[in-house]
Amino acid sequence: MLLYFCTMAGTIWWVMLTITWYLAAGQKWSCEAIEQKSMWFHAVAWGIPGILTIVLLAMNKVEGDNISGVCFVGLYDQNVSVYFVLLPLCLSIFIGLSLLLAGIISLNNVRQVIQHDERNQEKLKKFMIRIGVFSGTYLVPLGILLCCYVYELLSRSSWEMTWVADHCKEYHIPCPHQVILFFYYQSL
């Protein structure tokens with residue numbers, strides 16, 4: 001559960017960063033005004049993952065992976081994987097990217113207004129590059145992780161069926177083609 005909690009908390013903290021950056025760049029909030037809202041940022045960034053974790057524990061949806069031995073959410077229940085892992089990650093990425101792009105557009109407009117002030121324009125350009133590089137170093141691995149989750153969600157049932165078909169005689173479990181034939185003959 002710590003892995004799930006930290007994944008969600010890290011993603012929501014990135015969204016909080018994009019919110020504060022948008023408020024500073026796009027809405028022209030001062031550092032003091034943003035700092036006054038920091039308690040709310042902490043409550044959201046720690047509270048949402050905490051609530052999701054408690055709900056999953058109450059629903060008894062923590063599952064252990066047979067191969068890696070790591071417990072996570074939605075390994076065998078695809079609905080839990082969609083609603084508690086993929087949907088929150090996709091929603092966070094969408095909100096964060098939207099705010100990031102809105103902030104970049106606002107700063108680009110400011111940069112065009114201060115074209116005659118070379119020193120401030122250079123500082124603003126460096127700031128925009130830093131925000132872009134930081135967001136890129138976070139979004140690229142998160143995007144890869146999200147793609148892996150989607151790929152696993154789409155392929156897991158066929159992987160399991162293939163494994164059972166390959167090892168059914170070795171472990172003395174019903175083979176998939178025998179199970180299908182069994183139910184077919186039962187229906188006649």
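Residues are numbered from 1 along each chain as its sequence is written, and side-chain values use heavy atoms, with hydrogens and water left out. Because the model is predicted, local features need pLDDT of at least 70 and side-chain atom pairs count only at pLDDT 80 or more, whereas totals for chains, interfaces and linings use all residues.

**View 1. The loop residue K28.** K28 lies in the loop between helix 1 (2-25) and helix 2 (31-36), where helices are DSSP runs of H or I with at least four residues, numbered from the N terminus. Although K28 is not a glycine, its phi is positive, at about 60°. K28 is exposed, with a relative accessible area of 54% (exposed means over 50%, using a 1.4 Å probe and protein chains only).

**View 2. The loop residue H172.** H172 is found in the loop between helix 5 (118-167) and helix 6 (176-187). Its phi is near 55°, a positive value in a residue other than glycine, and H172 counts as exposed at 72% relative accessibility.

**View 3. The packing of helix 1 with helix 5.** These helices pack at an angle of about 155°, with their axes 12 Å apart; axes are lines fitted to C-alpha atoms over the stretch in contact, and angles run from 0 to 180 degrees between N-to-C directions. That makes helix 1 roughly antiparallel to helix 5, a term for angles over 145 degrees. In the contact (heavy atoms within 4.5 Å), residues of helix 1 including W14 and W21 meet residues of helix 5, among them F127 and Y138.

Definitions and conventions:
Helix = DSSP H or I, 4+ residues; strand = E, 2+ residues; numbered from the N terminus. Buried < 20%, exposed > 50% of the residue type's maximum accessible area, 1.4 Å probe, protein only. Parallel < 35°, antiparallel > 145°, perpendicular 65-115°, else oblique.
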